[in-house]
Each structure stands twice: as structure tokens, then as C-alpha cells.
Amino acid sequence: MQTACQAVQHQKGRRQYNQLRNLVKDARHDCIVFANEFHQHSYLPREKGESMEKWQTRSIYNAAVWYYNHCLGQMPVVMVTEDEDAIRQYGNETEGVFVISFKNYLDNFWPDLKAAHELFDSILQAQRERESESQENNGKEYPEHLPVEILEAGIKSGRYIQGILHVSKHRAQLEALVRLQGFGNKETELQSDILIYGARARNRAIHGDVVAVELLPLQEWKGRTVALCENETEDKPPADTISDPMPTGKVVGIIQKNWRDYVVTFPSKEESQSQGRNAQKILVIPLDYRIPKIRISTQQAEALQDYRVVVRIDSWESTSVYPNGHFVRVLGRIGDLEGEIAAILVENSICVAPFSEIQMSEMPVSSSKSPWKVNPEEEKKRLDLRDTHLIFSIDPQGCEDVDDALSVRTLPNGNLELGVHIADVTHFVAANSYTDVEARARATTYYLADRRYNMLPSVLSADICSLLSGVDRYAVSVLWELEKESYEMLRVCYNKTIIRSAYKLVYEAAQGLLDGDTSVVGDILELKNLDERTRQKKLAELVWAISKLTDIARHLRAKRDSCGALELEGVEIQVQLDDKHKIYGLIRKEPLEVQDTVAECMILANHWVAKKISENFPHQALLRQHPPPRQEFFTRLRECASAKGFSIDTRSNKTLAESLDKANDPLDPIVNKLLRSMATQAMSNALYFSTGSCPEEEFHHYGLALEKYTHFTSPIRRYADIVVHRLLTAATLNETKGDVKDYIFSNKDLQELCRHINNRKQAAHRAQKQSTKLFRCMYLKDTTTETEERCIADGVIYSIRTNGVLVFVPRYGIKGAAYMKNKEGLVISCQGDRSCEWKPGSLHRFQNKITSTTTTGESVTLSLFDHITVKIHVQTSRCHADTIKLEIIRNTPYQTSDTEVSQNFHVVKSDLAEVSQSAEEAQHAQEKAGVEVIDEDYREYCQTKGASLYQLLEEIKDLALLDVSADIRT
């Protein structure tokens with residue numbers, strides 16, 4: 001009801017009003033807002049002297065009575081309020097209209113809904129405790145936040161600076177940075193983030209909040225900790241471990257809270273007893289170090305000590321050291337796989353409920369006995385390529401959801417025609433349908449280490465929209481005419497088509513054909529059961545097509561290289577799982593040129609579609625931008641490169657790419673790999689945006705060296721691609737439907753959608769990273785005497801700190817800290833056999849090296865890019881996720897047999913865009929390589945579980961080499 005919504009805004013504030021508005025707007029909830037103040041029979045004028053609250057209550061009750069009578073008394077109407085005067089006044093006035101409290105509503109209408117009753121009791125208790133505490137505690141733990149009007153005026157004038165609070169992962173109690181969203185007063189000339197030092201300066205802001213910051217005087221600026229450290233103490237670091245002072249400020253107000261559901265653990269019995277007099281008030285410990293402890297009221301603390309649970313924050317008063325919250329639900333036991341996976345989903349705000357019956361009812365019917373067929377009426381509207389084009393797909397082994405296919409042919413005039421054909425998902429997912437609304441909410445397919453949660457039902461992704469060989473499928477095709485020798489683009493067209501893929505090739509077979517290896521022919525099912533003459537003819541056509549595609553791709557890549565496209569090098573390692581989904585080994589994944597061929601064709605299609613939709617919809621097209629990085633972020637890269645005698649020019653993407661190509665150590669290829677990783681970390685994220693939200697000069701994609709770019713080629717897995725398909729349809733295909741442009745978003749709505757998709761994409765990436773870390777820790781923790789060797793590996797130093805070094809372990813693609821000075825103050829000392837032990841002494845840090853000297857005069861020096869032997873430990877915690885720790889056991893490279901992965905890794909050079917794909921890209925490649933549908937889960941949830949830990953394939957590149965914080969994705 002309109003008045004009820006306005007009452008929330010008036011009494012509870014803008015934040016809760018926006019939450020209510022979003023819930024009402026979500027089509028999945030089937031909510032309708034009745035504009036009662038604009039209806040003749042339900043409108044009541046406000047009486048003279050009547051308070052706003054009384055008038056709103058009276059208006060809501062009057063509208064409820066009208067609606068009850070409008071429905072002829074066939075259903076009761078319930079008005080829920082905590083206003084006791086209203087309950088007494090209206091409770092018995094109209095039969096069939098119930099005016100009751102929320103507790104009475106639950107008791108009378110939902111007596112068996114146990115979870116709702118428990119949640120309500122928890123919220124009520126937390127509210128009472130908060131009110132009691134406010135009365136008892138007159139002292140202020142924190143300054144009051146400034147009113148929103150003052151904050152907005154201060155930001156506009158430049159007195160305050162707006163940004164997002166990012167709490168340090170390693171010193172969460174003391175250090176946080178505010179990343180600027182805009183420089184308030186240009187006179188400050190701030191070119192770096194702002195340090196927020198200490199809990200009081202943070203002033204109750206929580207990681208992710210949008211805050212307003214006031215800069216402190218220059219003499220109060222502080223530096224960040226440069227020593228290796230952990231989140232186990234709140235002690236201030238020694239002065240010699242602090243970097244140079246940087247802009248430092250304090251939070252004066254919160255513009256937008258980023259509160260969400262938090263996974264927490266109850267303290268142990270001993271810790272609970274030490275917390276104080278009231279055992280019902282418990283400080284629970286969030287899974288995320290960056291979130292402060294949360295005070296909740298519960299009587300279940302002892303029973304839930306061994307469980308991960310979910311809580312929500314209700315408030316954080318200036319009189320309270322910690323925020324107040326309430327218990328929501330239990331996830332599972334600590335350490336249990338399903339409970340830990342559920343925790344990862346909650347921590348990233350990922351909700352993946354089963355597809356509903358109404359969503360599934362929108363799906364077309366297809367089965368093995370009655371497969372889906374082309375509609376004759378639709379066939380007349382589409383360009384039919386089934387008999388004119390040799391179309392084929394190239395994917396990993398066992399792929400089922402083929403969303404792209406390729407073609408190349410010679411035209412009658414002698415020129416070439418290149419085709420990229422993408423599954424026409426939007427034909428089956430109507431705009432604003434239930435399936436579309438659900439896909440929009442999910443925004444992406446979520447890939448975890450051992451499972452995936454689809455954006456769309458599997459009947460589409462694995463069947464009707466999958467471009468399998470030998471079956472008719474709807475597609476959206478981009479066709480280019482190329483000059484036969486120079487491959488110059490002569491013209492391009494976009495069509496809705498019907499295709500029939502001739503071959504469903506795997507990468508290895510396609511590469512074999514490209515290399516002239518005829519032994520792979522037996523692996524191509526479509527060439528079996530043919531007579532020799534026909535087989536040879538078809539084989540020759542296929543080999544020509546793959547060779548020509550590869551030649552075109554080389555030309556396209558060279559052209560982008562000349563404009564400054566960046567490359568990255570990575571290690572592809574595949575993880576093997578047994579039947580119980582436990583890792584038992586690692587194998588090397590060979591790089592194949594044909595993979596780059598496919599990738600280059602996809603980049604070309606994305607680029608041309610971006611140009612087309614932005615031309616037709618200059619203010620409401622969805623593109624993907626990758627802004628240039630800030631130059632100061634390259635400082636570490638330049639310093640590390642200089643240690644090896646290399647000079648890195650970061651003035652543009654072209655000079656950076658050229659510099660990285662020259663920074664090669666012929667004796668150690670890992671050096672170039674780590675330098676490229678540092679370059680990636682310096683870059684900003686690629687983001688979706690609406691073309692109407694920024695000037696055209698900001699459309700550029702830095703990593704790909706393209707003026708315009710979007711995502712068009714994976715509509716099965718990304719909602720952004722669905723939006724782009726609809727834009728392309730409206731821009732190029734003269735549909736007879738008059739409403740074809742009605743589902744094109746306005747600039748404002750599209751920008752809001754882009755923010756949502758960016759958020760969900762980053763959440764998917766974090767969830768993928770965290771689940772992989774979970775499985776890797778399980779693997780390294782599950783060691784015996786026979787398998788202990790798996791925890792010893794070669795490591796390469798890539799950063800020097802005051803008390804240790806940061807190390808990259810190629811064997812597992814992980815990065816971690818290795819201390820050279822322990823908590824007891826002992827330092828690393830090396831014996832005659834180069835093995836290490838702890839002895840009294842001191843450390844001396846230099847720019848590119850660190851020296852450990854014992855009291856007896858022994859010394860050892862470790863320099864950047866030195867190879868050392870490390871032992872990998874898994875550090876467990878009741879309250880937090882397991883973490884990997886590295887211990888230096890020898891200051892020489894680890895020697896292994898030739899069969900070891902650590903010396904058998906292969907350097908893979910590929911596109912920055914492709915190497916740094918987001919989480920779903922990594923999982924998609926592996927799931928194509930062999931996803932085994934688990935029947936029970938599929939039948940119940942229309943979801944699937946992967947058959948392996950997706951082999952750390954692209955994850956090794958994303959997580960290890962890119963450090964994922966950079967997240968430079970195409």
C-alpha cells in the first residue's frame with residue numbers, strides 16, 4: 001500500500017524504504033502497490049492538528065476496509081502494526097479486517113512456522129537489549145555521524161571526500177583504506193587512497209560501506225604496515241615496519257550501508273564465560289576477518305558452538321563498542337563440506353534456490369523420445385545456413401553446453417566469409433518473463449570448485465540452446481566479408497539464423513588437424529561410418545576451414561598487438577579427483593593454438609556487436625570498459641623489474657606490452673611471469689556500463705586495445721549477453737513486433753542493472769576463489785607419511801618485507817607469506833646443507849633483498865626472484881576459513897624428478913583478456929571438459945555438480961598469477 005511504503009520511509013529512513021521498494025519491484029514476489037491516496041474511496045484527508053503517524057495509520061486502515069468490501073468479504077485483510085493504540089481502536093471495528101501485532105499475526109495465522117517465530121524472537125530480544133544498553137551507557141564510544149544533508153553539502157564543497165571503505169585483510173583491527181569515488185575539492189590533489197587508522201577513526205563503518213571522510217592535518221598522517229602480519233592481534237606494529245605517511249582521515253558519516261547476512265561462529269565455552277555477566281548476550285565472530293564481532297541475544301549459544309550460523313546487523317549505536325544484531329539460521333557444522341560451501345554462498349550474497357514450477361513451465365519441451373524441432377513459422381523469419389555453411393564448434397572434451405560455433409568459406413567473388421554463431425537464448429527467454437527475472441537476479445552462472453548453479457534451466461543450457469552437431473538450432477550470427485589475402489574487413493552483417501553444426505570438435509582433435517596429424521581423425525565421430533572417398537573430401541574441407549580460421553586469428557591478434565593489446569603468461573595445471581571428489585594428483589595441461597583461434601573470433605564478435613549497438617543506442621547500450629590504471633600503481637612493478645635490469649614503460653598499454661615482452665630472463669621464465677602478474681595487479685577492474693553514463697572517450701578497453709567492447713558470446717551463462725542480444729535484435733533485425741524496443745532499458749535503469757551485474761560477477765569470482773581455496777586446503781591438509789612430499793615445493797620470491805618475503809609456488813599456483821623472523825624473535829639461519837633453522841639474530845631489509853644475521857655471525861641473503869624450497873602448512877581455525885602458510889626449509893631451489901609438475905609446468909602465452917577471465921569462464925571451460933550430471937540434484941533442483949575441481953585450469957591463472965584482486969576480465 002502506498003501510504004504504508006511512505007510510512008516506512010518517514011519512520012525508518014531511506015535505506016529500509018529502498019529495501020522495501022526493491023522487494024516490491026521484484027517480480028518473483030508477485031507484489032502490487034495500491035496507490036490508495038489517489039483512489040476516491042480510500043483517500044482520507046489529514047485532519048488539522050493530526051500527526052503524520054496517526055494519519056498514515058488511519059489511511060492504511062481505511063484502505064484495508066475498502067479493499068475488504070471491494071472483495072465482497074470473500075477473504076480477510078490483515079493490517080499488521082506495533083501501534084497499540086491503533087490495535088485497540090480498530091481491532092474490533094470491522095469484521096474480517098484484522099488489526100494485530102506481528103507476534104499475534106504469527107501466532108494466529110502461522111502457528112507452525114517455527115523458523116519465523118524463532119527469527120522474530122531473536123529480533124525482539126536484540127531490540128530490547130539495544131534499548132536497555134542505550135539507557136545504561138551514557139558514554140560515547142564513537143563520534144556521532146553527521147546528518148546526510150551536511151555530508152552531501154560537504155562532499156560538494158570539497159570538505160569531505162566520498163569513497164568505499166576497504167578493511168585490510170591482514171590488519172583488520174587497525175587499518176582500512178577508503179578508495180575514492182570522486183575527488184571532492186580539486187585543491188587537495190589526492191592521487192591515492194585514504195588511510196583510516198584505528199577503530200575510532202573508522203567510526204562504526206563496515207567493510208564495503210560508502211563513507212564520507214574528513215582528512216586529518218598533515219602532521220597526523222600515518223603509514224601502512226609493510227611487515228608480514230596476521231589478524232591475531234590488535235597490537236600496534238613497531239615503528240620500523242611502517243611505510244611513509246600517506247593521506248589519513250576519519251569517517252564522519254556513512255552515506256550507504258553495505259550490511260548483508262554474515263556467517264559467524266559462536267565463541268568456545270571458555271570465551272563465552274569471559275565475555276561477561278549476561279550469557280544471553282554473545283559476541284559472535286564473523287568468518288570474514290574484516291567484519292567486527294557482532295553482539296546478539298540468544299539462548300542457543302552453547303548448542304550452536306560447533307556450527308556456522310547466519311546473523312544480521314540491526315544497528316551500531318555510538319554508545320556501543322560492537323554492532324548489535326540477531327540470529328537468522330544455522331548453516332552446518334564447522335568443517336563439514338556442505339556447511340562450508342553454504343557459508344561461501346552466504347558470504348557472497350549468492351541465493352540459488354531451485355527454479356520454480358512457474359519458471360520451468362515457460363520452458364519448451366524436449367526429450368530423447370521427442371526432441372525439440374524448428375518451428376515452421378519461425379523458419380520463414382530466419383536466414384537458413386544449414387545447407388550453405390560448414391559450421392562447427394571447438395570445445396573441451398565432453399562439452400554439452402555449446403554456445404558458440406564458427407564457419408569460414410570462400411565467396412563467389414573470391415573473398416572470404418567468416419562467421420561466428422551464438423546460441424539464440426533470447427528466443428526462449430522472453431523479456432520480463434519469470435525465467436528472465438530470475439536470470440536477471442542471478443546475473444551469472446555461479447561456479448564453485450565441485451559444482452555449478454545455473455543462470456538458466458538446464459533444458460536450455462545443455463539441450464535446446466546448445467549448438468550440438470547434427471541438430472537444427474536457432475542462432476544469432478555475425479558474418480564478415482574479408483579480402484582474401486589481406487583479411488581486410490569489407491562488410492559485416494548480423495542475422496537471426498538456423499544452423500546445423502557439422503562437427504562437434506574437441507581442442508585436441510582440432511589442433512591435430514591443424515598440425516597435420518591424421519591420427520586424430522578416428523576421434524571425430526562425424527567422420528565415422530563414411531566411405532573413404534567421402535571421408536577424405538569432408539576431412540579436406542574441415543582441415544582447410546580450421547587452418548584458414550587460425551590464419552585469420554593470427555592476423556587479428558597481430559593487429560590488436562600493434563595497438564597495445566596486453567598478454568599474460570600462466571601455468572595451466574589440471575587437478576584430478578577420485579569418485580568421492582577428493583584430489584589425488586596434478587597433471588600438466590598443454591596449451592593449444594586452436595584455443596587462441598576460438599578466443600580471437602569471440603573477441604572480434606564482441607567488438608563488432610559493441611560498435612553496432614552503441615551506434616544505434618548511443619545512450620542505452622551495454623558495453624564493457626577497462627579504464628587505464630593509475631601510474632602510481634606500477635611503482636612496485638618498475639622497482640622489481642629494475643632488480644633484474646629491466647626497464648618498464650607504463651605510459652600506455654602499447655609501451656607496457658612492449659616492455660613486458662623484452663623483460664625476459666633466458667635462465668628463468670618465471671621472472672617474466674611474475675612481472676606480468678604485478679602489471680595485472682596494478683590495473684583496475686573491467687566493468688559493464690551504460691553508454692549514456694559516461695563520455696565516449698571512456699569506452700576504451702585498455703587490456704584488449706579496443707575502442708568498444710561488450711559481451712555477446714555467452715548468453716547461456718551471463719545475463720549481460722542476454723541484454724546485448726536484445727539490443728542487437730532491436731538495432732539490426734526489423735522485427736514485425738511493434739514492442740521490440742519496449743524491453744530496451746533506459747540509461748538510468750541500464751546503469752542500475754550494470755551495477756547489479758558487476759556486483760554479481762565479482763561475487764561469483766570471490767566464491768570461486770574461496771571454494772578453490774577450501775578444496776586446496778583440504779588436499780594439502782589430508783597428508784600421510786607417504787604423501788607428505790606434496791607439501792614441499794619450489795617457491796619464487798616476488799616481494800621483500802621487513803620480516804619476511806612473499807613467495808609464489810608454481811606447482812600449486814599459490815602465493816603466500818614466508819616469515820624470516822618468528823614471534824619469538826628468532827631469525828632464519830642456513831646450515832651447511834642449506835637447510836634452515838631458527839636462531840637469535842636480526843634482519844636487515846633492502847630494496848631488493850633481505851639479510852638475516854645471527855648473533856654468532858652467520859648470515860643468509862634472499863633476493864627478489866630467488867628460488868627457495870618451502871613447506872606448505874594449512875593453518876586451521878574454528879572461526880575462520882583455513883589458510884595456507886609457507887615455511888622456508890632450504891634457501892636453494894627444490895629438486896624433484898622430471899615427472900614432478902613443479903618442474904614440468906608449461907608457460908602459456910595468451911590474451912590478457914582470456915587469461916584473466918572471471919570465475920564462470922574458468923569453470924565453463926572445465927565443465928565443458930566433462931560435467932557429469934548428478935541425477936538426484938538435477939531432478940530436484942535443475943542444477944548440476946561438476947565432476948572435478950575444474951582442474952585449477954584458468955583458476956590457477958586467475959587466482960595465483962593475477963592475484964584476483966586485480967580482476968582484469970574481458
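D661 is partly exposed, at 39% relative accessibility. In this predicted model, D661 forms a salt bridge with R676. The closest N and O atoms of that pair are 2.8 Å apart. D661 lies in helix α19 (residues 653-662) and R676 in helix α20 (residues 670-681), so the bridge ties together parts that are 15 residues apart in sequence. R676 itself is buried, with a relative accessibility of 2%.

**Salt bridges**

How many salt bridges does a search of the whole structure find? The count is 44. Three of these pairs are set out below.

| Pair | Closest N and O atoms | Separation in sequence |
|---|---|---|
| D661 and R676 | 2.8 Å | 15 residues |
| R811 and E789 | 3.4 Å | 22 residues |
| R159 and E214 | 3.7 Å | 55 residues |

R811 forms its salt bridge with E789. R811 sits in the loop between β28 (804-809) and β29 (814-819), while E789 sits in the loop between α22 (747-781) and β27 (792-801), so this pair links two loops. R811 is buried, with a relative accessible area of 7%. E789 is partly exposed, at 30% relative accessibility.

R159 pairs with E214. R159 belongs to the loop between α7 (148-157) and β3 (161-167), and E214 to strand β6 (residues 210-215), so a loop and a strand are tied together. Is R159 buried or exposed? R159 is exposed, with a relative accessible area of 54%.

Some charged residues join in a network. E379, D384, R386, D472 and R500 are linked by salt bridges in this way.

T497 has its place in strand β20 (residues 489-500). R500, a member of the salt-bridge network, falls within the residue range of that strand. T497 is buried, with a relative accessible area of 0%. What does the side chain of T497 contact through polar atoms? The partner is the side chain of S477, at 2.7 Å. Leaving aside neighbours within four places in sequence, T497 is in contact with R382, L383, L385, R473, Y474, A475, V476 and S477.

**A buried threonine in a loop**

T691 lies in the loop between β26 (687-690) and α21 (719-732). A polar atom of the T691 side chain lies 2.9 Å from the backbone oxygen of P618. Not counting residues up to four places away in sequence, T691 touches S614, F617, P618, H619, Q620, A621, L623 and F699. F617 is 74 residues from T691 along the chain, yet their C-alpha atoms are separated by 8.1 Å.

**A four-stranded sheet**

An open sheet of 4 strands has the order β30-β31-β32-β33. Its pairing is antiparallel. Which strands stand at the edges? They are β30 (826-830) and β33 (859-863). Each has a single partner strand, so one side of each is left without a neighbour in the sheet. Neighbouring strands are turned by 45° against each other on average, direction ignored.

Strands of a sheet pair through backbone hydrogen bonds, either parallel or antiparallel. Here strand β31 (residues 836-845) is joined to strand β32 (residues 849-854) by 5 bridges. These two strands run antiparallel. G841 stands opposite T854 in β32.

Methods. Residues numbered from 1 in each chain as written. Predicted model: local features only at pLDDT ≥ 70, side-chain atom pairs only at ≥ 80, totals over all residues. Heavy atoms only, no water. Salt bridge = Lys/Arg side-chain N within 4 Å of Asp/Glu carboxyl O. Buried < 20%, exposed > 50% of the residue type's maximum accessible area, 1.4 Å probe, protein only. Pairing = 2+ DSSP bridges. Axes fitted to C-alpha atoms, helices over the stretch in contact; angles between N-to-C directions. Contact = heavy atoms within 4.5 Å. Polar contact = N/O pair within 3.5 Å; in protein donor to acceptor, adjacent residues only side chain to side chain.
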